[in-house]
Amino acid sequence: MIYLRRSGSALTTGAADDAFIAGVARGALERGETVELQIVDSPWRQVTTPDEVREVLDELWDELAARREQMYSDEPLPLEDLR
């Protein structure tokens, strides 16, 4: 799931729907709001343009896929991930 927060709302939005998150982010940017994206246990990443929204979303989905792959692999997790 990817989380979005924007200056025009006190709520953080979370969704696994790429088109929904991209649409909310782009709409907020068009209204002049600040927009930040995040996945769990990662820092918030501010986006300022529609192209940057797409770029950051792609990176976040790739990171989620890598986490999922590692979780289902037979390899043990690194010790720092076990805290």
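Tutor: The expected span of a helix is 1.5 Å times one less than its number of residues. Please keep in mind that this model is predicted.

Student: How many residues does α2 have, and what distance does α2 reach from its first C-alpha to its last?

Tutor: Helix α2 contains 23 residues, and its ends lie 33 Å apart from first C-alpha to last, close to the 33 Å expected at 1.5 Å a residue. The helix covers residues 50–72.

Student: Which residues of α2 are buried?

Tutor: An α-helix has 3.6 residues a turn, so residues three or four places apart point the same way. In this structure, the buried residues of α2 are Val53, Val56, Leu57, Leu60 and Leu64. They pack against β1, α1, β3 and β4.

Student: How should I place the helices within the overall chain?

Tutor: One reads the order of elements along the sequence. Here the pattern is β-β-α-β-β-α, with two helices and four strands in the protein chain.

Student: In what order do the strands form the sheet, and is the pairing parallel or antiparallel?

Tutor: The sheet is open, its four strands are ordered β2-β1-β3-β4, and the pairing is antiparallel. At the edges stand β2 (12–15) and β4 (45–47), each of which pairs on one side only. On average, neighbouring strands of this sheet are turned by 30 degrees against each other, direction ignored.

Student: How many bridges join β1 to β3, and how many pair β1 with β2?

Tutor: Strand β1 (residues 2–6) is joined to β3 (residues 35–38) by four bridges, and Leu4 stands opposite Leu37 in β3. With β2, β1 pairs in the antiparallel sense over four bridges; there, Tyr3 has Gly14 as its bridge partner. β1 and β2 form a hairpin, with five residues between them.

Student: Which residues touch the most other members of the largest nonpolar core?

Tutor: In such a core, one looks for the members with the most contacts to other members. Among the 18 residues of this core, these are Ile2, Leu4, Ile21, Val35, Leu37, Val53 and Leu57. β1, α1, β3 and α2 each give two or more residues to this core, and α1 supplies the largest share, six residues.

Student: What does Leu4 touch, not counting residues up to four places away in sequence?

Tutor: With those sequence neighbours set aside, Leu4 touches Leu11, Thr12, Thr13, Ile21, Val24, Ala25, Val35, Glu36, Leu37 and Trp44.

Student: How is burial expressed for the chain as a whole?

Tutor: It is given as a share of residues: 27% of the 83 residues in the protein chain are buried. The chain exposes about 5700 Å², of which carbon and sulfur atoms supply 51%.

Student: Finally, which features of Asp41 deserve attention?

Tutor: For a backbone feature, one considers the angle, the location and the exposure together. Asp41 has a positive phi of about 65 degrees although it is not a glycine. Asp41 is found in the loop between β3 and β4, and Asp41 is exposed, with a relative accessible area of 74%.

Terms used. Residues are numbered from 1 along each chain as its sequence is written. This is a predicted model: local features need pLDDT of at least 70, side-chain atom pairs count only at pLDDT 80 or more; totals for chains, interfaces and linings use all residues. Side-chain values use heavy atoms; hydrogens and water are left out. Two strands pair if DSSP finds at least two bridges between them. Axes are lines fitted to C-alpha atoms, for helices over the stretch in contact, and angles run from 0 to 180 degrees between N-to-C directions. Contact means heavy atoms within 4.5 Å. Buried means under 20% relative accessible area, exposed over 50%, partly exposed in between (1.4 Å probe, protein chains only). Accessible areas come from the Shrake-Rupley method with a 1.4 Å probe; for residues, only the protein chains shown count as cover. A nonpolar core is a set of buried Ala, Val, Leu, Ile, Met, Phe, Trp, Tyr and Cys residues joined through side-chain atoms within 4.5 Å.
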